Structures are given as C-alpha cells and as structure tokens.
Amino acid sequence: MTEIKKNLVCWAVSDGRAGIEANCLGLAAAMGVAPVIHHVQMKFPWKWLPPALIPLHTGIYDASLFPPQDAHEESWPDVIIGCGRQAALFTALVRKLSKGKTFAIQIQDSKISPDLYDLVVTPEHDKLRGSNVLTTCGALNKITPDLLEVSKKELAPRISGLPRPLVAVLIGGKSKAYDLTENIIHQLGNQLQNLHQQTGCGFLLTTSRRTGQKNAALLSGYLKDIPAFVWDGQSPNPYFGFLGSADAIIVTSDSVNMVTEAASTGRPVFTVDLAGGTKKFDRFHQKLRDDGIIRPFNGTLETWPYPPLCESQRIAKIILKKLDNSGRR
C-alpha cells in the first residue's frame, strides 16, 4: 500500500446494516484510513421514496449530522465513503456543502446521477457505467491474508479437536430476492451428513438473523452427532476465523457479500441455491462460475485454484492515486 502522506479524515456512512457498512469499512481499511462511522436515515416521507425523486437538501436528514453552516473547512472530512440508498444523498450533500473539499465516494448504484459524486464504485452486475464509475467483481470487504491469519489463530484453541478437512458453512436466509425454505435446509443437512461420512470432515457453521431460528435449529440438528463448531448467535461471531480456518467453504447464494468474502480466501467455494433470485444475482454468480471461482454444491468436495478476489485493495489503489493527482493527500 502506498504510504499515506497525511492523516486523511474519512467518514464511512450507511444505514447501519452490517452488510452495507462492510463495504465502506472494507474500502477504508484498504485505503489505510480509520473512518469515523455515521449511521444515517432520511426523514419521513423521504426515506420511503426513490433517491431520484428526493431534493438534494439537508432537510431530508437530521441537521445535527452536518457541521453548522459557518463551520470551518476543517469540519468537513477529506473523504466520505457512502453505501446504500439511505446514505446516497447524504454523501452527495457532504460533497456539495464542503464546496468540493470532500472527495465523495458512493458504493453501489444509488439510482441517481453519478455526477453527484467524485467516484461511484459498483458491482459489475449492477450495469451502471460512466466516466467516474469503477466496477468490481462482487462486494467490497476487509478480507486480507493478514486478517484471515490473525482470525485463524484466535479461533484455533476452540476448534483444535475438529478433524480435517474443515468445511465452513455460511448460511444467509430470506431476503427480497430469495427464500430459505425448510426443504432446502433438509436437503443441505442430509448432504452435510453424507459429506462427513464420505470424507470424515468437520464443520464450522454460522447463520444470520435472516436464517430464522427454526431454520437455524433444523440445520444445527443435522450436525449434532458430527464434529462441528456451531456459532451460538450470542458470543462474538467467529466469521473471519471460519474463513481463515476452512479448507473449503459452502455459502448460500442470497448474499453477494458472503460469496465475495468467501471468494477472497482462495479456498474452494461452493454455493447453495435458495428459492427465488433475480437477473442481477444470476449475472453475479455466472461471472464467478465463468472465472472458475465458485461451483454449485452437489454434496461432494473438490479442490481447484483461482486468484483470490482482492477488489477492495485494487479499488483503493485507484482512489489513492486520484487523491494524489488532485493534491488532496
């Protein structure tokens, strides 16, 4: 990473959802900055409207989120990284109100003009293109070899009794595009039991809030007599430790973040299709299949090489160069 010439003040802005915020934090980490985290929500009725229909005015947000009108230039950040619909206009407003002092980066297609930002970073499958638009393969994240190694060492004492190969199983759940049905849980549970019988493997299982308690309990039940570490949902999630420790990863197809993070490890990644889907998700999965990164899970293990995704680091280098060329760092 290029040496930082000054301490950049960076704001990371989202609605606070972990999957959305992870994009901001991943890019900030790759840029070598420690961001000030802001969670924002537009006021009623603006929060329910498409951003393209909303005026670019501070009144759509809580006024206390912005420095006062007579604030010194130093009150504004050098860089703002926003992600998600709720943050889209906030990012643009900070750029406008700072009179160009703040370099504004919006992650994901906000459905408004890219010209409101210095840079837009969006997944290829969103199809947004423009002179100031950078595309990525999947979502940005903070996965690095160092993070995986540190997380692996932290988890090691808790999983020392598990056999190899170790298979991480990352379960999402119901969303606008997908549904995790009981039938899918039963099919996956049977496949995992058979996989252990075939290979003697151990499992590392983590679920999300979208999985639902019933589905999580069902799947855990399939692993109760098999060597497995099942995250209890209460203690800190050892998610990165799972990624760093696994010899292979099985992940549900509903989360671009989880699939991308799994593909950032260089380990074999198998996807479990959920009910539903969209053309956008289909494009994402097809891209990774075409690139030889992911394969559908059919109940068996395979190994294959591929270059781990390092999109946050790639995008960060481009941004830091732009900041250099603009004299902002």
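K214 and E182 form a salt bridge (a side-chain nitrogen of Lys or Arg within 4 Å of a carboxyl oxygen of Asp or Glu), and their closest N and O atoms are 2.8 Å apart. This pair links distant parts of the chain, with K214 in helix α5 (residues 213-222) and E182 in helix α4 (residues 182-199), 32 residues apart. Helices (H or I, at least four residues) and strands (E, at least two) are DSSP runs numbered from the N terminus.

The model is a predicted one, in which local features need pLDDT of at least 70 and side-chain atom pairs count only at pLDDT 80 or more, while totals for chains, interfaces and linings use all residues. Residues are numbered from 1 along each chain as its sequence is written, and side-chain values use heavy atoms, with hydrogens and water left out.

**Salt bridges**

The structure holds 12 salt bridges, and two others among them are described here. D78 and K101 meet through their side chains at 3.3 Å, N to O; D78 lies in the loop between β2 (36-39) and β3 (79-83), and K101 in the loop between α2 (85-97) and β4 (103-107), 23 residues apart. K280 pairs with D126, the closest N and O atoms being 3.6 Å apart.

| Residue | Relative accessible area | Class |
|---|---|---|
| D78 | 11% | buried |
| K101 | 15% | buried |
| D126 | 18% | buried |
| E182 | 35% | partly exposed |
| K280 | 36% | partly exposed |
| K214 | 57% | exposed |

**Helix α9**

**Cavities**

A cavity is a set of points on a 1 Å grid over the protein atoms alone where a 1.4 Å probe fits but cannot get out, and its lining residues have an atom within 4 Å of a point. The structure holds 2 cavities of 30 Å³ or more, and a volume is the space filled by probe spheres set on the points.

The largest cavity has a volume of about 40 Å³, and its lining includes A139, L140, E311, S312 and Q313. Helix α9 (residues 311-326) gives the largest share of this lining, 3 residues. The lining of the largest cavity divides into 5 nonpolar, 5 polar and 1 charged residues, with Ala, Val, Leu, Ile, Met, Phe, Trp, Tyr, Cys and Pro counted as nonpolar, Asp, Glu, Lys and Arg as charged, and the others, Gly among them, as polar.

The second largest cavity holds about 30 Å³ of space, and the residues that line this cavity include N23, V121, T122, P123, A139 and L140. Strand β5 (residues 119-123) contributes the largest share of the lining of the second largest cavity, 3 residues, and that lining divides into 5 nonpolar, 5 polar and no charged residues.

Note on methods. 1 Å grid on protein atoms, 1.4 Å probe; cavity = no way out; pocket = protein on both sides within 12 Å on 5 of 7 lines; lining within 4 Å. Buried < 20%, exposed > 50% of the residue type's maximum accessible area, 1.4 Å probe, protein only.
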